[in-house]
Amino acid sequence: MRWVARVLGRFAARQPLGAAGAVIVLALVATAALAPQLAPHGAKEAAFAPYLPPSAEFPFGTDQLGRDILSRVIWGTRLSLYVGLVSVMFGVTFGGLWGVVTAYFGGAADTASQRVVDTLMALPPIILALSLMAALGQSVNNVILALTLLLTPTAARTLRSLALSIRESPYVEAARAAGCSHWRVIALHVLPNTFATYIVLVTVNISYAIVVEASLSFLGLGTPPDEPSWGAMLTAGSQAVEAAPWMFLFPGLAISLTVFGLNLLGDAIRDLTDPRLRGGLG
Amino acid sequence: MAGRYVARRLLLFVPTLVGASIFIFVLMRLVPGDIAEILVYQTGGETSAIQQKQIRQIRQELGLDQPVVVQYLDWLGNAARGDFGQSYTQQRPVADILKERVPRSIELAVLTILLAMLWAVPLGVISAVRQNRWADYVVRVLSISGLSVPIFFSGVLVLYLLVRLFKWLPPLEFVSFTANPVENLKQLIWPALVQAFYISAPITRLTRSQLLEVIRQDYVRTARAKGLAERTVVYRHALANSLLPVVTFIGWWGGRLLGGIVIVEIIFSVPGMGSALAHAVTQRDYPTVQAMVFVMALVFLALNLLVDLLYAWLDPRIKYA
């Protein structure tokens with residue numbers, strides 16, 4: 001256990017902003033995990049008077065349907081982190097594997113796959129996700145699917161260019177010469193060397209996924225309306241800006257804090273894993 | 001050399017644009033319910049034989065009863081000749097809607113980028129020159145917070161403050177720049193500021209990190225060693241070379257801005273392309289969606305090409321590949 005403390009201590013000393021980000025992210029994960037214990041009311045429980053301003057009983061006030069906003073913000077943490085993490089894991093893993101395999105084999109399949117990536121990247125992301133949600137219907141799983149589709153091409157492109165350089169390295173040549181099959185080389189020599197970039201892509205993209213989820217809900221085509229999505233809460237709030245500013249303020253602060261913490265942490269991890277930036281730019 | 005490069009890049013536009021339009025075409029056909037059902041059921045009530053007949057009739061008129069492949073080839077053939085068809089919901093050609101909406105969104109995007117550059121690049125320079133001193137920390141925390149506040153939150157917040165403090169209300173009618181520049185800027189300045197705040201954060205960070213990299217290079221040391229003023233070294237020698245990635249980023253964002261503009265357009269009631277597109281998606285107005293996505297993808301590709309050309313022009317070390 002001692003070495004864990006030492007590693008964490010060194011991280012905090014070298015990346016103070018990153019450590020602050022890690023603390024914020026840990027607090028959010030705890031909030032999400034303990035939502036049933038922390039939230040005074042259910043997320044969908046519309047049992048109170050609508051548009052109540054913040055008070056001792058309802059610290060964040062109530063919304064247009066008489067739901068406790070504090071409880072919805074807490075439950076929303078769980079929804080946001082879940083959607084963000086799962087879609088990024090799917091998108092970056094799938095896109096990464098795609099990029100690595102096509103880069104390794106090259107040839108016509110690689111060229112064709114590059115055209116597909118170009119095409120997906122030329123489409124405006126919000127509009128792509130919006131049309132997909134209109135086609136599939138509003139559900140948490142469909143939001144994850146739409147986000148996965150947005151993240152896949154970027155991950156494929158990034159890891160493809162990395163795999164292209166790994167492919168030319170002497171140790172890959174040596175493994176081939178020693179008689180390894182192509183798939184064995186990919187699994188044991190190429191993929192492990194893309195791991196640092198993979199981790200960076202995951203951390204950097206979680207905040208992006210969370211923002212896009214909230215944007216879709218904000219536009220009315222995200223998670224189903226009764227789900228406690230911060231984006232949907234902001235839409236409801238934006239329709240009552242003057243009468244009930246607490247309705248947009250608290251979910252807005254929650255999403256900003258989340259993205260802030262994830263950005264700080266993501267930056268720190270990128271600096272630590274990218275040797276070209278090590279020790280300098282922070 | 002450059003001519004052949006441009007020609008090859010332009011040729012690559014074709015498969016990308018066709019691919020993108022097929023993708024959106026199929027996606028829109030997967031949306032449950034079409035315009036015929038929306039139009040007929042709008043009047044409410046139970047499904048009746050008459051309504052079924054009306055639906056069939058509308059579908060036939062719009063060609064929606066044809067196989068999807070035929071529908072797509074029809075669309076493509078017409079689009080290649082610049083005919084994007086009639087809008088289903090607004091009784092006019094899609095080309096007219098584009099002519100009305102596109103310039104507004106482009107104006108908003110240009111205004112956003114100009115405003116963002118105005119403070120983002122100088123802040124990046126200050127941050128780099130004063131690396132690890134308090135000014136640097138302030139700029140870095142500011143820019144990372146700028147990145148953390150999503151546009152829909154900062155937008156609603158600004159709207160709230162405008163309504164509260166100035167009794168400002170989003171205008172009901174859009175005034176074009178040519179008709180009345182002052183009125184026009186009054187309408188667009190707030191959405192542009194909200195977006196500029198968001199995109200200035202990455203510009204500042206990029207300027208800072210690039211400048212820091214360039215400042216450590218030998219030719220900068222030479223410039224200092226021959227006794228040039230620090231100001232001259234930073235602005236004449238270092239900054240010019242560190243702005244290249246910033247140019248790329250802005251070009252890339254410009255292309256993205258047109259798609260991302262939908263949120264500010266809705267919050268500030270700007271009748272531009274983004275809000276029209278979001279509306280068309282929910283209304284199953286296929287021709288409008290198709291045409292707008294096509295225009296957005298084209299602008300995105302063209303800007304990317306332009307950035308690459310600009311890049312090679314600004315930095316002669318880069319060769320066309």
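**View 1. Pro202(B) within helix α8 of chain B.** In this predicted model, Pro202(B) is found in helix α8 of chain B. With 18 other C-beta atoms within 10 Å, Pro202(B) is classed as partly exposed, because a residue needs 20 or more such atoms to count as buried and 12 or fewer to count as exposed. Once the neighbours within four places in sequence are set aside, Pro202(B) is in contact with Leu147(B) and Phe249(B).

**View 2. Gly272(B) in the loop between α12 and α13 of chain B.** Gly272(B) has its place in the loop that runs between α12 and α13 of chain B. Is Gly272(B) buried or exposed? Gly272(B) counts as buried, because it has 28 C-beta neighbours inside 10 Å. Leaving aside neighbours within four places in sequence, the residues in contact with Gly272(B) are Arg101(B), Arg104(B), Ser105(B), Leu108(B), Ile261(B) and Glu265(B). Arg208(B), by contrast, is 64 residues from Gly272(B) along the chain, and the C-alpha atoms of these two residues are separated by 34 Å.

**View 3. The packing of α1(B) against α14(B).** The helices α1(B) and α14(B) pack at an angle of about 150°, and their axes are 10 Å apart. Angles over 145 degrees count as roughly antiparallel, and α1(B) is therefore roughly antiparallel to α14(B). The crossing of the two helices, α1(B) and α14(B), is right-handed. On the α1(B) side the contact includes Arg9(B), Phe13(B), Leu17(B), Ile24(B) and Met28(B), and on the α14(B) side it includes Tyr286(B), Val289(B), Phe294(B), Leu301(B) and Leu305(B). Sorted by class, the residues in the contact of α1(B) with α14(B) are 14 nonpolar, three polar and one charged.

**View 4. The side of chain B that touches chain A.** Where the two chains meet, 42 residues of chain B are in contact with 35 residues of chain A. Several elements of chain B give two or more residues to this side, among them α1 (2–30), α8 (181–215), α11 (244–260) and α14 (286–314). Which element gives the most to the side of chain B that touches chain A? It is α1(B), with nine residues. By class, this side of chain B has 32 nonpolar, eight polar and two charged residues.

**View 5. Helix α12 of chain A.** Helix α12 of chain A covers residues 246–273, which gives it 28 residues. From its first C-alpha to its last, this helix of chain A reaches 41 Å, close to the 40 Å expected at 1.5 Å a residue. How many of the 28 residues of α12(A) are buried? The number is 22, and α12(A) is accordingly described as mostly covered.

**View 6. The setting of that helix in chain A.** Chain A has twelve helices and zero strands, and its C-alpha trace spans about 75 × 50 × 30 Å along its principal axes. Of the 282 residues in chain A, 50% are buried. Among contacts in chain A between residues at least 6 apart in sequence, 70% join residues that are at least 24 apart.

Conventions:
Residues numbered from 1 in each chain as written. Chains lettered and ligands numbered in written order. Predicted model: local features only at pLDDT ≥ 70, side-chain atom pairs only at ≥ 80, totals over all residues. Contact = placed C-beta atoms within 7 Å. Helix = DSSP H or I, 4+ residues; strand = E, 2+ residues; numbered from the N terminus. Nonpolar A, V, L, I, M, F, W, Y, C, P; charged D, E, K, R; others polar. Axes fitted to C-alpha atoms, helices over the stretch in contact; angles between N-to-C directions. Parallel < 35°, antiparallel > 145°, perpendicular 65-115°, else oblique. Left-handed = near helix turned anticlockwise from the far one by under 90°. Expected span 1.5 Å × (residues − 1).
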